[in-house]
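Please read it with the structure open.

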Amino acid sequence: MIVMERVQPHRILKNEALLRRLSKIHVKRPLIEAEQGKRIAGYQGELASDYYVKKLLQKEYLIFHGLRLQNADDFFQIDTLILSTKFFLILEVKNYTGTIYFDFKHKQLIQHVNESEKAYLCPILQAKRQQYEFTNWLKEQKIELPSEFLVAISNPSTIIKSDPQHYEAHQKVVRPQELVDKINTFSKQYAKDKLTSSELKKVTKILLKKHVPESYDALDYYKIPETDVMTGVQCPECGVFGMKRIHGTWYCPSCKAKHKDEHIQAIHDYFLLINSTITNKKLCEFLHLTSPYIASRLLAKMNLPYTGTKKGRVYMQKGIT
Ligand SMILES: [Zn+2]
């Protein structure tokens, strides 16, 4: 069963909001766009391999996506953890394009795309690191389990090559389609139960409790001052900021479009970029509203959790941190 579903990383959502609200000629835009493109490709690769991981659902496996845990002062994140009473498996998913080569001597991954060559930290090392960290984490819970790891290359058109002596690359780097067979082989290899089902339940409960979602502040990360963030309600037709609220509708002075709920996106952007809470006054400033009465009606309609009463009321975002 899937214990932790994969969710769109907050980093992607926050960068998306940032790109929406930065000037088209902002100096940091090319860097953010390039990083965002890579993250989206990575996320899509993970989703593509999840399709094959789901084939394990009818079996005894527990599946955790995006688990983030702490050992001493350091955090580690696992793309996919497959846990059973017999063993655990770390699955690292990569979405490279072009031709990739696993270099044995220097423990790096070399990618060739078109005419260019690029080196990356070897995903085998990344997966092994997670295996090591999770083994230690389990030890803290007085649990010892055999373990395995696999690296899945999710893009079907990627050409995978490796050093002839790179045994691990031959054994551990797979296509998503091979996952089920590989895991079934491990299941035969580790046939003995090391945990009872109630122990497995207990460790699952602890894992969910100890999972710490990544906190990410896009403005801080890219060193962008808050004043660079464009305020106002964005017109979905022409992209211009500064729609005006007239008789219960948002009106675009630029292309004359009319929309009802465009403030919702703006409020989400505020939460994603500026602060996880908002007051009526801040909302008026951000949406360019002159009436606090309209602001409080819009906020009330969104059913956001809040604390305080009347003027001191603070509204909080739902779900996302
Ligand atoms: Zn417009």
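In which helix is Gln 130 found?

1. Gln 130. The residue is found in helix α3 (helices are DSSP runs of H or I of at least four residues, strands are runs of E of at least two, and both are numbered from the N terminus). Gln 130 is buried, with a relative accessible area of 8% (buried means under 20% relative accessible area, exposed over 50%, partly exposed in between, with a 1.4 Å probe and protein chains only). Leaving aside neighbours within four places in sequence, Gln 130 is in contact with Phe 76, Gln 77, Ile 78, Asp 79, Ile 90 and Glu 92 (contact means heavy atoms within 4.5 Å). Ser 23 is 107 residues away along the chain, and 39 Å separates the two C-alpha atoms.

2. Ground rules. This is a predicted model, in which local features need pLDDT of at least 70 and side-chain atom pairs count only at pLDDT 80 or more, while totals for chains, interfaces and linings use all residues. Residues are numbered from 1 along each chain as its sequence is written, and side-chain values use heavy atoms, with hydrogens and water left out.

3. Overall picture. The protein chain has 10 helices and 16 strands. Its C-alpha trace spans about 70 × 55 × 35 Å along the principal axes. Of its 321 residues, 44% count as buried. Among contacts with a separation of 6 or more, 61% come from residues 24 or more positions apart.

4. The sheet. Six strands form an open sheet in the order β1-β2-β3-β4-β8-β10, with mixed pairing (two strands pair if DSSP finds at least two bridges between them). Which strands stand at the edges? They are β1 (2-4) and β10 (173-174). Each has a single partner strand, so one side of each is left without a neighbour in the sheet. Strands β3 and β4 run antiparallel and are joined by four bridges. Thr 80 has Leu 91 in β4 as its bridge partner.

5. Helices on the sheet. Helix α5 (residues 179-189) lies across β3, β4, β8 and β10, and runs at about 170 degrees to β8 (axes are lines fitted to C-alpha atoms, for helices over the stretch in contact, and angles run from 0 to 180 degrees between N-to-C directions). Helix α6 also packs on the sheet. It touches β1, β2 and β3, and its direction makes about 60 degrees with that of β2.

6. Nonpolar cores. The largest nonpolar core has 32 residues (a core is a set of buried Ala, Val, Leu, Ile, Met, Phe, Trp, Tyr and Cys residues joined through side-chain atoms within 4.5 Å). Leu 81, Leu 83, Phe 134 and Leu 207 touch the most other members. Elements giving two or more residues to this core include β2 (62-71), β3 (74-83), α3 (123-140) and α6 (197-210). The largest share, five residues, comes from α3. Beyond four places in sequence, the contacts of Leu 83 include Phe 64, Phe 88, Phe 134, Val 203 and Leu 207. A second, separate core has 22 residues, among them Val 233, Leu 283, Leu 298 and Met 302.

7. Zinc site. Which residues are the protein donors of the zinc ion? They are Cys 235, Cys 238, Cys 252 and Cys 255, each through SG, lying 2.3 Å from the ion (donors are N, O and S atoms within 2.8 Å of the metal, or 3.2 Å for Na, K and Ca; water is not among the atoms, so sites may look incomplete). The site is tetrahedral, with angles of 104 to 115 degrees among the four donor atoms (four donors count as tetrahedral if all angles lie between 85 and 135 degrees). Ideal angles for four tetrahedral donors are 109.5 degrees. The sequence spacing of the donor residues is C-x2-C-x13-C-x2-C. Cys 235 is buried at 1% relative accessible area, whereas Cys 238 is partly exposed at 35%.

8. Positive phi. Most residues other than glycine have a negative phi. Ala 72 has a positive phi of about 50 degrees. It is found in the loop between β2 and β3 and is exposed, at 73% relative accessibility. For Lys 256, phi is positive and near 70 degrees. Lys 256 is found in the loop between β12 (249-251) and β13 (258-259), and is exposed at 52%.

Terms used:
Tetrahedral: all angles 85-135°; square planar, octahedral: opposite > 155°, others 65-115°.
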